[in-house]
Amino acid sequence: MQELEEDQVIIFCGAGISAGAGLPDFRGLVEYCYSELGAVAPSPKDPEWGWLDRMLGALEGDFPDQMRAKVVERLDIDATDLTLHEAILKLSRLKGSANGYRLVTTNFDLFFEQARKGMALGVDYHSGPVLPIPRNDRIASWRSIVYLHGRLNPGSADNQHLVLTSADFGRAYLTDAWAARFVARLFAEFTVLFIGYSLNDPVLRYMTDAFAAEDALARSGRKRAPAYIFVPHKGAPPAPKPWRQRRLEPIFYRAAYHHRALKNTLVEWAKARQDYLASVGTIVQRYGTRLPSALEPSYAANLVWAVCDRANDDGHGARIFAGLPDPAPIEWLGEFERRDAAARTAHAEEIKLAQKEDREPAAAPLYHIDMLFPPVADGDCETALSGPAFELQKWLCRHLESDQLVNWVIQRISTNKRAHPRLRWFIRRRLDQAPPIALGYATFWRIVTNEGGWASDPVADHAWADLQQNLAAKRGAPWYDQELLAALRPYLTLSPSFRAATGGTVDPNHFATIADAEVKLARDRAFLVVDKIDGLPDADTFWAERLDPLTGLLKQVFDLYATVGEANAGFDPSAVQRPSIPPHAQNRHHADWARLYDLIWRGWSAIDATDPPTSRHWIERWRRVPYLGFRRLALAATTQSPHFSAAEKLEALLHV
């Protein structure tokens, strides 16, 4: 469907197309000629009927002046029904700036000209052996109906140009080979759809043999895409292997009621192609509100195509999808993501093939879902979104209370990706609108859409290696402090809710049932630098001079936990992550941020040993911070310092 929209599909029409309009198929034409000329035909089951072109050749040998006249006599009629021909003309009409058609028929009749009056030879149609070059170029230099095996000339009795007999086919495909060259070029340039052919049709056999001989695989290493063929059947569909052996991909349909299923399909396809905006709307509205798992795969694929793959529709299908009265299920996100993955894989193969063929690869397709969550390494610039990606933002914002979307976003973040700036803006705007989002989900999305860097880690891994080199000379420089403190900066990370994963009930107003949060430091490797500093003789003084920013970093840790409801005056993670405030063996193997206590304690101990008033100041400051972790720090320092009386220490303990 998409390739047809891009004028990349060529429809091949066989005798079955005209059978519904009053003409016989190839075998019926042979039977007619034998009967009218009084020749004895083989018995119905004779293998000779598998070689209809040879039978006509033999008949022409016996009746050299009459066989072709009988062919003209049988085929020169007015069609009884042109519905199918009109639909095929609509499907084959070029949609670009060029007018005209791209259509190939191996029939001789004039039914397409009856369906559209006023066609002219050399402009609107060509007749073999004088054929156009089937180029797939931007200016559409080929834009006509091609009568590949000749066009009926009612005014002539012999019609020697028609490809009817085995000798005719030999000239067209072997000796002169004008038909073979046309078919080979056509199959290398376009996707082909056969309509009205049977597997044993001699016409189909000659054409498939022609493009097999000139297959692009043998010439350039490029694997030619299969041609498609509509195949009727009675009862259960047959095995596709015989068609695939000829590089044909069968599309099976029931042959009941004179091939009504095929006729209706082509007519509806033609209508949809004429008004593609309405057809996209029909697909989206018909399937969009249903779960993709509840649909036949082809229906789900049609919706993905309508939303993501229509060229030059500026997101029209996605706009309808996002605006459905009942929101489309969030399960469609997985389908769109798989479409991106398949497109990426196909393009990677195209790049390899282009390198092998020493040519420029085709332009990369648009990955609409990937656009919404680009890698953090790409920076936070607001790159333009595709039309579908822009519209799908609105759909995602209708699912902000979806656990499936929450977990999908967490997975994206875990692979070092971040919501696109435009998507973050859309989400924040929705959070400020009515009806309100449940508190737990609102907290989650505020974290995801943060703009202050407190819930993201943009720091490069290699940024801290230089801090360890020539430490004595660098330490103490203002820029060094900025780099070191940036390395120790805490930020919030998200992971799927353990409670929900283990069967717990999700409370929309309780963040901990929606997602788990953990505070990390910008770089674990920063402690390699810390350990280097600790090894210097004046390390205590170094940390004492930086006690203020270290205290600020620890407060940021608890502020982040407070954001998700996990830190207050009575409880915070320090109770688990820092069993002992003073350095102790039991403090090992806990969160990295808890090591900030070691630096603070070391700096404070140096101050307490030399400046008791300043030591008291720091303890009082920590006591006023409304988190349990700071109250524990103040109490531990009071207990440790020799500058407090026993009464003061008891008072601190009683009022902790």
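I began with helix α19, where I listed the buried residues (buried meaning under 20% relative accessible area, with exposed over 50% and partly exposed in between, for a 1.4 Å probe and protein chains only) as G387, P388, A389, E391, L392, Q393, W395 and L396. The model is a predicted one, in which local features need pLDDT of at least 70 and side-chain atom pairs count only at pLDDT 80 or more, while totals for chains, interfaces and linings use all residues. I number residues from 1 along each chain as its sequence is written, and side-chain values use heavy atoms, with hydrogens and water left out.

**Helix α19**

Helices here are DSSP runs of H or I with at least four residues, and strands are runs of E with at least two, numbered from the N terminus. Helix α19 covers residues 387–396 and is mostly covered, with eight of its 10 residues buried. I looked up what lies over those buried residues, and the cover includes α15 (297–309), α16 (316–322), α17 (332–357), α18 (368–372), α20 (403–414) and α21 (421–431). At the start of α19, I noted that a side-chain oxygen of S386 comes to within 3.2 Å of the backbone nitrogen of A389. Within this helix I picked out Q393, which is buried because its relative accessible area is 0%. Not counting residues up to four places away in sequence, Q393 touches L372, L385, R422, L423 and F426 (contact meaning heavy atoms within 4.5 Å).

Next I turned to the nonpolar cores, each a set of buried Ala, Val, Leu, Ile, Met, Phe, Trp, Tyr and Cys residues joined through side-chain atoms within 4.5 Å. The largest has 107 residues, of which F336, W395, W445, W593 and W622 touch the most other members. Helix α28 (residues 547–563) gives the most to this core, with eight residues. Apart from this core lies another, of 83 residues, with L37, M67, V163 and I195 among them.

I then followed W622, whose contacts, leaving aside neighbours within four places in sequence, include I600, W604, F630, L633 and A637. Helices α30 (residues 596–610) and α32 (residues 628–640) pack at an angle of about 35° with their axes 12 Å apart, where axes are lines fitted to C-alpha atoms over the stretch in contact and angles run from 0 to 180 degrees between N-to-C directions. From α30 the contact takes Y597, I600, W601 and W604, and from α32 it takes G629, F630, L633, A636, A637 and Q640.

Most residues other than glycine have a negative phi, and most peptide bonds are trans. I found the bond from G128 to P129 to be cis, with omega near 10°, and P129 lies in the loop between β3 and β4 (145–147). The bond from A434 to P435 is also cis, with omega near -5°.

Key: Polar contact = N/O pair within 3.5 Å; in protein donor to acceptor, adjacent residues only side chain to side chain.
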